[in-house]
Amino acid sequence: MKPRITVITICVDDLEKSLHFYRDGLGLPTKGIVGQEFEHGAVVFFDLEGGLKLALWPRKSLAHDSGLPLGAPNPTELILSHNVASRSAVDALMSQAEEAGAVIVKAPDNTFWGGYAGYFEDPDRHLWEIAWNPQWKTEEVGV
């Protein structure tokens, strides 16, 4: 298998609410909900850097499509990490997420590995890490 992930899909309970959080609250670009004409097909795609896409899909749709039973979400199963160019960018993005309705799980602080990071949960309890790593060069100057 070549290391070529093209879509990261996170499952949500309320597609409209999650669309609002990611599009209006965090500012991720999207064309909105597509695929509503198909049973279990409604999905939202956000274009990320490098051709990667973030998808939001209802939990019930994934359970139906995969044949697995619908289970309770567990925020410690997966972390989505967003690396920024500075400590102040970590603080700014964490504030933006909180204003959008995120729950701050761990306020930004110095890390054991020499960086600076914090954690928040989105409306469906998906865990996001916002981090500045002094060992990584990030071209972006903002959040």
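Which residues are buried in helix 1 (residues 15-25)? In this helix Leu15, Ser18, Leu19, Phe21, Tyr22 and Gly25 are buried, where buried means under 20% relative accessible area with a 1.4 Å probe and protein chains only. The model is a predicted one, in which local features need pLDDT of at least 70 and side-chain atom pairs count only at pLDDT 80 or more, while totals for chains, interfaces and linings use all residues. Residues are numbered from 1 along each chain as its sequence is written, and side-chain values use heavy atoms, with hydrogens and water left out.

**Overall architecture**

- The chain has three helices and eight strands, taken as DSSP runs (helices H or I of at least four residues, strands E of at least two) and numbered from the N terminus.
- From the N terminus on, these elements follow the order β-α-β-β-β-α-β-α-β-β-β.
- A compact globule of 143 residues would have a radius of gyration near 15 Å, and the 16 Å of the chain agrees with this; the radius is taken over C-alpha atoms, and the globule rule is 2.2 Å times the number of residues to the power 0.38.
- Buried residues account for 35% of the 143 residues in the chain.

**Ends of helix 1**

- Aspartate 14 caps the N-terminal end of helix 1, with a side-chain oxygen 3.2 Å from the backbone nitrogen of glutamate 16.
- Just after helix 1, glycine 27 adopts a positive phi of about 80°.

**Aromatic residues**

- Five aromatic pairs are found in a search of the whole structure, a pair being rings of Phe, Tyr and Trp (its six-membered ring) with centres within 6.5 Å, and planes under 30 degrees apart counting as stacked, over 60 as edge-to-face and the rest as tilted.
- Phenylalanine 21 and tyrosine 22 make an edge-to-face pair, at 5.0 Å centre to centre and 85° between the planes, and both residues are buried.
- Phenylalanine 120 and tryptophan 128 make a stacked pair, at 6.1 Å centre to centre and 5° between the planes, and these two residues are also buried.
- Phe21, Tyr22, Phe46, Phe120 and Trp128 belong to one aromatic cluster.

**Second largest pocket**

- The lining of the second largest pocket consists of 22 residues, of which Cys11, Arg59, Pro73, Glu77 and His126 lie nearest its centre.
- Strand 1 (7-12) and helix 2 (59-66) are the elements that give two or more residues to this lining, and helix 2 gives the most, with four residues.

Technical notes
Buried means under 20% relative accessible area, exposed over 50%, partly exposed in between (1.4 Å probe, protein chains only). A polar contact is a pair of N or O atoms within 3.5 Å; within protein, one must be able to donate a hydrogen and the other to accept it, and residues adjacent in sequence count only if both atoms are side-chain atoms. On a 1 Å grid over the protein atoms alone, a cavity is a set of points where a 1.4 Å probe fits but cannot get out, and a pocket is an open set with protein on both sides within 12 Å along at least five of seven lines; lining residues have an atom within 4 Å of a point.
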